[in-house]
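Subject: Structure for your review

Dear colleague,

Please find the sequence and structure below. My notes on the salt bridges and the pocket follow.

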Amino acid sequence: MNYTIDRMFPGAGIDDIDARTRAALAAAGFGVLTEIDVKATMKKKIDKDMPGYRILGACNPNMAWQAIGMEPKVGAMLPCNVIVRETDEGVEVSAVDPAVSMTGINNQELGDVAGQVRKMLQDVVSAI
């Protein structure tokens with residue numbers, strides 16, 4: 001089962017794609033609540049080198065409000081993570097598929113909200 005929404009940018013730089021990703025998220029009403037520079041963290045914590053790898057914790061407040069109202073513990077699965085990472089082929093953006101991640105919660109209304117957020121994230125990834 002595919003659990004991410006992906007797009008590859010051959011020959012692109014990570015800083016450019018990171019900026020474009022943030023702009024596309026903002027245009028769709030998402031804010032970036034958390035940022036993790038995994039490359040820098042791995043170097044600092046365990047002295048390991050790796051290609052650029054950033055995790056952006058994106059949240060659309062209106063959709064989060066709906067989801068939390070339906071399932072108060074759903075916050076354990078928020079925000080929607082978006083990865084921007086360097087590969088041999090270029091820079092790849094991968095957004096979590098919220099419809100897949102919410103299948104573990106038996107709540108049809110929440111599944112409907114997750115489907116709406118999936119469409120929004122598909123549009124974000126396409127707009128980058």
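How many salt bridges does the count come to by the rule used here? The count comes to ten salt bridges, where a salt bridge is a side-chain nitrogen of Lys or Arg within 4 Å of a carboxyl oxygen of Asp or Glu. Side chains of opposite charge can pair when their charged atoms come close.

Before the details, please note that this is a predicted model, in which local features need pLDDT of at least 70, side-chain atom pairs count only at pLDDT 80 or more, and totals for chains, interfaces and linings use all residues. Residues are numbered from 1 along each chain as its sequence is written, and side-chain values use heavy atoms, with hydrogens and water left out.

One of the salt bridges joins Asp15 and Arg54, with 2.7 Å from N to O. Asp15 belongs to helix 1 (residues 14-27) and Arg54 to strand 3, so this pair links distant parts of the chain, 39 residues apart. Here helices (H or I, at least four residues) and strands (E, at least two) are DSSP runs, numbered from the N terminus. Asp15 is exposed, at 52% relative accessibility; the classes are buried (under 20% relative accessible area), exposed (over 50%) and partly exposed (in between), computed with a 1.4 Å probe on protein chains only.

A second salt bridge, at 3.0 Å from N to O, is formed by Arg22 and Glu35. Because Arg22 lies in helix 1 and Glu35 in strand 2 (residues 31-37), the pair ties together parts that are 13 residues apart in sequence. Arg22 is partly exposed at 26%, and Glu35 is exposed at 52%. A network of salt bridges links Asp15, Asp18, Arg22, Glu35 and Arg54.

Glu92 and Arg85 also form a salt bridge, their closest N and O atoms being 2.7 Å apart. Glu92 is buried, with a relative accessible area of 14%, whereas Arg85 is partly exposed at 30%.

I now turn to the pocket. On a 1 Å grid over the protein atoms alone, a pocket is an open set of points where a 1.4 Å probe fits, with protein on both sides within 12 Å along at least five of seven lines; lining residues have an atom within 4 Å of a point. The largest pocket is lined by 20 residues, and Met77, Leu78, Cys80, Pro98 and Met102 lie nearest its centre. Helix 5 gives the largest share of this lining, four residues.

Yours sincerely
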